[in-house]
Amino acid sequence: MSGGRLLLLAPMAALLAAFLLAIGGLIWGSLVRGGLGFYAELLTDPIVLRVLWRTVWIAAATTLLCVLLGYPLALFLARSRHRNLWLILVISPWLVSIVVRTFGWMVLLGNRGVLNTTLRDLGLIDAPIRLLFTPTAVLIGLTHVFLPFLVIAVLSSLLQQDRRLEEAGRILGGTRWQVFRRVTLPLSLPGVIGGASLALLMATGAIVTPLLLGGLRDRMLGTQIYTEIFQVFNFERATAMAVILLVVALLLVAPLRLLEARIRRAQEAA
């Protein structure tokens, strides 16, 4: 291997070593402090199981919403002549802190927020609709945070496609829907799955948005870990929960990664 490639691999190796060291230390610390019995206690605790289930379904629902909203947006960007301008608008939320964005949703969704005030002024409601500190608010906030990641992943996949394949489909008599269903969508699936994996992984470990929009009642595992560390000061319990969160995230993402690899192999073979 040439010296140039070794220099390129060095930063990657350093990041990988730091990651493995941190994960190994986390797992080792949880086993030393609590042992396997502590994990069994946590996994039989009804409160922890309820938080774990809420984490899984909110992360899955967020990913699904990102796919449903992000794919049409990415397709529009791929076909637009002003792609760069629209792309700047899509990623512009990244210029603002996630805390600021979340507080913005609190202003919009509160009982005296913009949404409830507008609906009441229009005479559509008599009493405020409870949106803040609910799973619905968490879903809205997480979708807003992670949507650009999926849009960029799908857009990259769409831009790599050979447009002549779509033109050939139209020449052969296919409608726009048929060409999309049989050509565009299958070829863009790796990008969809890659973006969905990223959104699912980040939504599983989200802390700030669920904490501010969901409150202390509808906790996710990330916010529960935050509470155990900074409010209860129970580091042993927090460490074990962090390992459980890591395993759950891997179990959720692994099937998607395997599916993406299988689709890529099938496309390369074709």
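Is S197 buried or exposed? Select S197 and see: S197 has a relative accessible area of 3%, so it counts as buried (buried is under 20% relative accessible area, exposed over 50%, partly exposed in between, with a 1.4 Å probe and protein chains only).

Before moving on, a word on what you're looking at. This is a predicted model, where local features need pLDDT of at least 70 and side-chain atom pairs count only at pLDDT 80 or more, while totals for chains, interfaces and linings use all residues. Residues are numbered from 1 along each chain as its sequence is written, and side-chain values use heavy atoms, with hydrogens and water left out.

**Stop 1: around S197.** Colour helix α9 (residues 176-204), where S197 sits; helices here are DSSP runs of H or I, at least four residues, numbered from the N terminus. Show the side chain of S197 and you'll find it reaching the backbone oxygen of I193 at 2.7 Å.

**Stop 2: R170.** Go to helix α8 (residues 163-171) and pick R170. Its relative accessible area is 40%, so R170 is partly exposed. Leaving out neighbours within four places in sequence, R170 is in contact with T175, R176 and V179.

**Stop 3: L131.** Now select the loop between α6 (114-121) and α7 (135-159), where L131 is found. L131 counts as buried because its relative accessibility is 17%. Show L109, L115 and A137 as well: L131 touches these, not counting residues up to four places away in sequence.

Stop 4: Where they meet, 7 residues of domain 1 contact 8 residues of domain 2. The two domains bury about 600 Å² between them, 80% of it on carbon and sulfur atoms (buried area is the accessible area, 1.4 Å probe, that two parts lose on being put together, summed over both). Searching for salt bridges across this interface turns up 0 (a side-chain nitrogen of Lys or Arg within 4 Å of a carboxyl oxygen of Asp or Glu).

How values were computed
Contact means heavy atoms within 4.5 Å. Helices (H or I, at least four residues) and strands (E, at least two) are DSSP runs, numbered from the N terminus. A polar contact is a pair of N or O atoms within 3.5 Å; within protein, one must be able to donate a hydrogen and the other to accept it, and residues adjacent in sequence count only if both atoms are side-chain atoms.
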